[in-house]
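Subject: Handing over a structure, with notes on what was found

Dear colleague,

Please find below the structure that I promised to pass on to you. Once you have had a look at it, please read the notes that follow.

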Amino acid sequence: MGVQKYLTYALHRIQKGPGYTYKELLVWYCNNTNTHGPKRIVTEGPKKRFLWFLFTLVFAALVFWQWGILIQTYMSWGVSTSLSVGFKTAPFPAVTICNVNPFKYSKVKPLIEDLDEAARTALAKIHTYFISGKVPELPLMANTSLVSVFLQNIPLVIMDESDVNNPAIISLFENGTDGFVQNNPHPPTSDLKVAIKLCNANKTECLYWNFTSGVDAVNEWYSLHFMDIMSKFSINEKKQMAYSGKEFILTCLFGNQPCSYKNFSQIFHHFYGNCYIFNWGLHDKAISSSNPGGEFGLNVVLDINQKEYIPFLSTTAGARLLVHEQRSFPFLKDLGIFVLPGTETSIGISVDKIERMEAPYSDCTQNGSDVPITDLFYKMYETSYSVQSCLRSCFQMNLVKMCGCAYNLYPLPAEAPYCNFGDHPEWVYCYHKWKKSAESELLCLQTCKQSCNESQHLLTVSMADWPSESSEDWIFHVLSYERDFSSNVTINRDGVMKMNLYFKEINYRSITESASTTVVWLLSNLGGQFGLWMGGSVICIVEFGEIIIDCLWITIIKLIMWNRNWKLKKAQSQYMGPPPSISQLAEGHMNTGFEPDNVTSDSGQSLQTMSSCEHPVHPIPGTPPPHYDSLRLKSVRVNNE
C-alpha cells in the first residue's frame, strides 16, 4: 500500500508540474542547512552577500580538493611496518650441506678422459698465444674424432680488442685433419680475452661469451661439456657417482644428543651432487630448540676428500651450506655460503619472521596457487612455494618453448628432454641468448610473486683453525677408524672441517605489515576537513544529498511537462485556426433534410438526369447521424391534422 500511495503521489506531481523552481529550492536550502556560510548568502546585504558567496565557494573548493587527496591516499593501499620482538620456543631451521665437488673423480674419470685432454690442449694453446702471439701446432689427442665434439660445437677463441670498433678474432681450432689453425704472428697485448663462440645450427648467427681470464673461460667451457656428458645418465646413476652420506658426514650432534647421516634427508642437486638436509620437515616433524648457544645446536664434522675432486670442474674446495625454512627447496648456488676445510666454523642464527598483507595492499601469495607458473620444484620434491622456485620454473618452461629442451640444472618439465649436443646442437647459443635477453628477466619477474609469510635467517659466522697442530694426529686417527675401521690415517686437514650451528638468541623479530589507511582513518579525515573549512557534519552531507535529489526530481518533472507540451503543440499545428469543438465536428457530418445523395457517373453527370430510356432510380433516403445537439433548445412546428 505504501508503494502504491507513493506512486500515486508521484503521478499527481508529474501531472501538476514542479512545485518549486531551482531558485526557490536554493533559497530554501540556504535558509535551512546546518552548514555555515550558505545562510549568510541569503540573509546579508548585497555587498556581504557577495563576500560570503566567495568565501563559501573557495572553502567548498578546498574541501573537495582535500577530499580528493585523502581518497587518493586511501586508494594507494599503503602499508606501515611494525617491528616486535618475541620470546618462545622456535623450530630449528633446516640446514642443507653439500660438497662443492658434485662427483667423485674416480667414478667419472673414464667418462671424461678425452674431455680432460681437450681442456689441457686448449690451455696450452691459450698460454702459448698469450706469450708469443702464435698458435702452436701441438698434437691434440689420440681420438681426433672428439675434436669436433669438444672443440667445434663450442669453440674457444681469443679476442683482441685493441681496436674496439673492429676486434680481431683468433681461432684456436678449425675443421681439418689436424684440428689447428695457422694464424699470422700477432704480438701479445693487454687487450686479449678468451671467449666462447656460440652459433646457431646453420652458423649464420654467432655471439661471443668473453671472459677476462682464461681460467674462467676454460672452466665454463668444461662445465658445458661435462653437463652434456652427465645428461645421459639417470638420477639414481648420478647418486651412485657422488659422495655418500657415510663418506661425507663423519660425526653429528644435536643438543648434546648423538645423530648421524641417517638423520639427514638426501636429495640430488644438479650442480653440487648429493646434498643432505637436516630437519627438513618434509616427511618428519620439525625439531624445536628452546635454548640459545652452540651447546644446544647442530654440530657436524665433514670430509670433502679433495683427492676425489675433478680438476677442471671444481676449482673451489669446501662445503656449501644453506640455512632455510622447513619444506623449502635449498637454492645453494644462489643463497648458500662456503665453509673452508681445516677450520671450525661457528654460525649463530637469528630469525626474522615477515608477514606481508595480501592484495590489494601487496602483490604477494600465500602458497603460489594464484601464480600462473607450474612449480617444477614442488612437482619433483613437494616443497613449499618460494620466489626462487617460481623464477627458475618460469625460466625453465620458457627455455623449453624457445630452445626445445630443458636446462640440466633445473627440474625437468613434463614431456621435455634435457639439452645435449647430440639432439640439440645449438642449445648453448639459444640458452645464452635467452638468458641475457631483457624479456626473460622481465617476464618472470612480472609473473612471480613474493610469499606473504616467510622467515629470513641472519647468520653470524666466525672461524678458527681445526684441529690444532698438537691434536690433529689423534683426531685424524680416531675419525679414520670410525669411518673406515682402518688403523691408517685416511683423513687430512685438506678435507676435514667442523661446523656448529645454533640460535644466537632465542628471541625472534617479527616484521608485520598493516594498513596505514583504513576506512576509519578515511572517514575521520574527511569529516575533519569538512568541519574545518565548512563547519559541517554528516547531517550536512545528508542535506546536500537531499537538495541534489530534489533538483533531479524537478528536472525530471520539467522534462516530462516539456515533452507533453511539445506533443500538444505538434497536434495543434495540423489546423490553421483553433481546434474545432465537438458540436462543430458533429454538424459537419449531419444531413438534416434527409436528402438523397447524388451519385455521379463516370462522365460526371448525375444519375437522375440520365436518358429516359433507362429505368428511373428511386431516391435513397439519407441516414440521419446521431443527434449531438440534443441538449440545445429549438422551436419545433407541430402540424395538427
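How much space lies in the largest pocket? About 1,300 Å³ of space lies there, where a pocket is an open set of points on a 1 Å grid over the protein atoms alone, at which a 1.4 Å probe fits, with protein on both sides within 12 Å along at least five of seven lines, and a volume is the space filled by probe spheres set on the points, which are joined across faces, edges and corners. Of the 46 residues that line this pocket (a lining residue has an atom within 4 Å of a point), those closest to the centre are F271, K333, Y407, L409 and Y410.

Before you go further, please note that this is a predicted model, in which local features need pLDDT of at least 70 and side-chain atom pairs count only at pLDDT 80 or more, while totals for chains, interfaces and linings use all residues. Residues are numbered from 1 along each chain as its sequence is written, and side-chain values use heavy atoms, with hydrogens and water left out.

Helix α7 (214–230) gives the most to the pocket lining, with 7 residues, and among the other elements that each supply at least two are β10 (264–269) and α12 (387–403); helices (H or I, at least four residues) and strands (E, at least two) are DSSP runs, numbered from the N terminus. By class, the lining has 28 nonpolar, 10 polar and 8 charged residues, where Ala, Val, Leu, Ile, Met, Phe, Trp, Tyr, Cys and Pro count as nonpolar, Asp, Glu, Lys and Arg as charged, and the others, Gly among them, as polar.

There is also 1 cavity of 30 Å³ or more, a cavity being a set of points where the 1.4 Å probe fits but cannot get out. About 60 Å³ of space lies in the largest cavity, and its lining is made up of A90, V351, K353, F503, E505, I506, N507 and Y508. The elements that give two or more residues to this lining are β16 (343–355) and β21 (507–515).

The side chains of R509 and D352 meet at 2.7 Å, N to O, where a salt bridge is a side-chain nitrogen of Lys or Arg within 4 Å of a carboxyl oxygen of Asp or Glu. Is D352 buried or exposed? D352 is buried, with a relative accessible area of 5%, whereas R509, at 36%, counts as partly exposed; buried means under 20% relative accessible area, exposed over 50%, and partly exposed in between (1.4 Å probe, protein chains only).

The structure holds 10 salt bridges, and another of them joins K104 to E247, with the closest N and O atoms 3.0 Å apart. This pair links distant parts of the chain, since K104 lies in the loop between β3 (94–99) and α5 (105–132) and E247 in helix α9 (residues 245–248), 143 residues apart. K104 counts as buried because its relative accessibility is 11%, while E247, at 29%, counts as partly exposed.

With best wishes
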